[in-house]
Structure formats: C-alpha cells, structure tokens
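Trainee: I am new to this structure and would be grateful for a close look at a single part of it. Could you please take the sheet and describe what lies against it?

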Amino acid sequence: MKKRASRVIAYTRVSTEEQAVSGLGLADQRAVIAAEAVRRGWDDIEYLSDEGFSAKNLARPAIGTALDQLRKGEASILVVSKLDRLSRSLLDFCTLMESANKQGWQIVVLDLAVDTTTPSGQLMANVMSAFAQYERQLIGARTSAALQQLKAQGKRLGRPVALPMQIRQRIVAERESGMTLAAIANRLNGDRIATARGGASWYPSTVKAVLASAELDATAA
C-alpha cells in the first residue's frame, strides 16, 4: 500500500459578498491556519483557495483539487479555519468525514475543535456525525409523511408521464398477450417509436418501467 504523504492542505474560501467583510477574508483565514501550523510543527503545508464561491455544496475547483490529492495519498490532513469555509451543510461535512475515514486522511476544523488526528477531536467529530444522522432521519420521516399524504389525496407520484397514451396501451396489450419485454422493445425499435424521454432505443428495462407506471395508474384510479 502506498505510504500517504505527510503534507497538509490548508483550505480557505470567500464568497463574492464576503470578500469585503472584515474577518472573513482569505488573509484572515490563512493567518489563523498559519499560527496553528507553527504550533503543531507542520512544515509541509499547501494553501488552496476558492474565491467567489459559496459553500452550498462542494462543487468548487480548489476543494476538488484538495480532495483529489487527499484521495490519492498525496496529503494526509485537510485543515480549515472555520467549518463554514468548507461547508454550510452538516450532512455534507459528515459525508466528507466518512470519506476521510475510508480513505485514510484527517480533517481539522479549528473553530469547532474537530480534529480527527486526536481522541478529543474525534469525539467532537462523532458528536457532529450523530446530529447529522438524526437530521437525515428527520428529513426521511418528513419526506415519507409528505408522500403518504399525496398518495392519500390520490395524487400520482413519480415523473410526469410523457409517453403518448396509445403507445402505453399498446405496450400493456402486447405484454398481456404474452410477449416478452425484449420482444416488445424490439417491435418498438422496429417501428422507430421514441421513448418517453425522446430516446431512440427501447430496452426490456424501459418497457418494464412503462408497465410499472401503467399499473400504478390503474391502482390509483
């Protein structure tokens, strides 16, 4: 197994709106991290910054580069001055911690004392993960309750039907006549009939999805 480099990646970020706000600039974040690097004796440290990006997700070039280097074993620690510089979503952050654990690198968040390199910092990380799991369960429960309510009101769930009714009826009739899913797909392709999404090719799985949708409509009727 390739030995992981001892290099530290320091990540900083500011959104467009925050660039002019005191205390949130890149220089401020870098100064905090640099002081911690001196305290810990981190000699090999690289600073990566995203300027003009929000923290609503991880679709940012610099953090993408950082995570790729960590995944490849080219660095061992990701450090940020504040959690919201990395992510504003607790769920996203905890997913990131899960990736770090699986891939063998560490996360240090200075403002929350999250530090997976130490027992106490790992404890804080576990507490945050527990809250994130609780949030996931609440979201799942709310989503399930909302779907059940819509179903009780007779509303159809899933994607809107985009396939012409005559094609749906044809597929159902051919299936009821004993034709296989593959045979139905071949006939549709032979007749150059587009799929519900405008695709040119039908497959057994595509036919099966139409049949399942038709069955759901029949049940709700």
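**The sheet and its surroundings**

Mentor: Arg30 lies over the face of Tyr47, at 3.9 Å from the ring centre; a charge sits over a ring if NZ of Lys or CZ of Arg is within 6 Å of the ring centre and within 35 degrees of the ring normal. The model is predicted, so local features need pLDDT of at least 70 and side-chain atom pairs pLDDT 80 or more, while totals for chains, interfaces and linings use all residues. Residues are numbered from 1 along each chain as its sequence is written, and side-chain values use heavy atoms, without hydrogens and water.

The open sheet has five strands in the order 2-1-3-4-5, with mixed pairing. Its edge strands, each pairing on one side only, are strand 2 (45–51) and strand 5 (114–115). Strands here are DSSP runs of E with at least two residues, helices are runs of H or I with at least four, and both are numbered from the N terminus; two strands pair if DSSP finds at least two bridges between them. Strand 4 (residues 106–109) runs antiparallel to strand 5 and is joined to strand 5 by two bridges. Val108 has Asp115 of strand 5 as its bridge partner.

Helix 1 (residues 26–40) packs on this sheet, touching strand 1 (8–14), strand 2, strand 3 (77–80), strand 4 and strand 5. Contact means heavy atoms within 4.5 Å. The direction of helix 1 makes about 160° with that of strand 1; axes are lines fitted to C-alpha atoms, for helices over the stretch in contact, and angles run from 0 to 180 degrees between N-to-C directions. Helix 2 (residues 61–71) lies across strand 1, strand 2 and strand 3, at about 145° to strand 2.
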